[in-house]
Amino acid sequence: MNFLKRTFNYLVIFGLLFLVVSFFLPRHVTLEKDIIIAAPVRVVFSQVNDFHCWEKWSAWTQTDKVLNTSYRNSGIGNNAGYSWQSKGTEQESGHISIEKSAPYDSIVMKIDLAGKTETKGSFIFSEKNGQTAVSWKCSADLGMGPLTRWKGLTWSGGLTPEVETGLENLKTVSETIVKEKQPVVELINLQDFKYVSIRKDVNAGYVSEAMGNMYNKLAGFIGSHQLVATGSPYSIYHKIGNGTIDLEAGIPVNEVVSPDEGINTGIMKSKRYAWADHIGTYETLDQTHTFIQKWITKRNFRVDDGPMEQYLTDPQSTPDTSKWITAVYYPVQL
């Protein structure tokens, strides 16, 4: 009888100690890891900002090759979400959402892993000399529960391997993109701009010659109307078929003037585009177009019109084709 009484007293004392000590344990826990990646910040940022890319580097999504995944708000940028479910792993389900995306500075998110405390996460990016410093910070509010306070003692230790693995994978993926000169596709909203343009059907075999003539005519129109070019020349491939291209060649200008015979003027309204820069000669532009088209298909976007190319490098002033930059835009909608 005395033995049972003593045992009961010990259990009560232990329970009280467990409860009292828990109130002195930290309520807020934090884990922060850093890494230097030999890649421009735009490359690294895009891999984090687009949840479709997480399967290539996140430790949480690589524990099982067969995953049921779903995305919210295209899975890219502000208010995007990513959920997954799998079997046979420690992380059978999880959800991550982006609460704030500030290109190319920071990303704030909420991470909910089944069976673990809900976590706030943030990525901070800074580029210097072509390299990007990434800081991944995770924090959690353990609340007032005694048990969760005690679990907090092992919280950072349990999360550390996953964060470190994720950062190392992010480094490998980003540096591979740079090494292999892969295009980096992002969503971008181009603002309204004033333009002059010529649109007509041209033979697919004489596009370069036709564009040259169109730009020469536009240059003459700009000069005669005392306009100022405010951006690089562009072209839009509205429709392609039967060896003919419905082609529009244009130049952004500072004012809208009355159109002339064969020359259109107006304001190009803001649209959302899937955008990537093509580096190199125009002869390989089709490779970047194909890359963007696959990116669009995987993310279930719908192409809203023909693609647009903007020629950011003047070939006459920069004869080295390896330095030519052409921005390629596909107008998209969900």
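## Salt bridges and a surface patch

I279 lies in strand β13 (residues 271-279); helices (H or I, at least four residues) and strands (E, at least two) are DSSP runs, numbered from the N terminus. This is a predicted model: local features need pLDDT of at least 70, side-chain atom pairs count only at pLDDT 80 or more, and totals for chains, interfaces and linings use all residues. Residues are numbered from 1 along each chain as its sequence is written, and side-chain values use heavy atoms, without hydrogens and water.

I279 is exposed, at 53% relative accessible area. Buried means under 20%, exposed over 50%, partly exposed in between (1.4 Å probe, protein chains only). With L312 and I325, I279 forms a nonpolar surface patch of about 250 Å² accessible area together. Patch residues have over 30% relative accessible area and no salt bridge; nonpolar side chains (Val, Leu, Ile, Met, Phe, Trp, Tyr) are joined within 5 Å, like charges within 9 Å. Areas come from the Shrake-Rupley method with a 1.4 Å probe; for residues, only the protein chains shown count as cover.

The structure holds nine salt bridges. Each needs a side-chain nitrogen of Lys or Arg within 4 Å of a carboxyl oxygen of Asp or Glu. Among them are these:

| Pair | N to O distance |
|---|---|
| E186 and R42 | 2.5 Å |
| E55 and K298 | 3.2 Å |
| R199 and D246 | 2.7 Å |

E186 in strand β8 and R42 in helix α2 are 144 residues apart. E186 is buried at 9%. R42 is buried at 18%.
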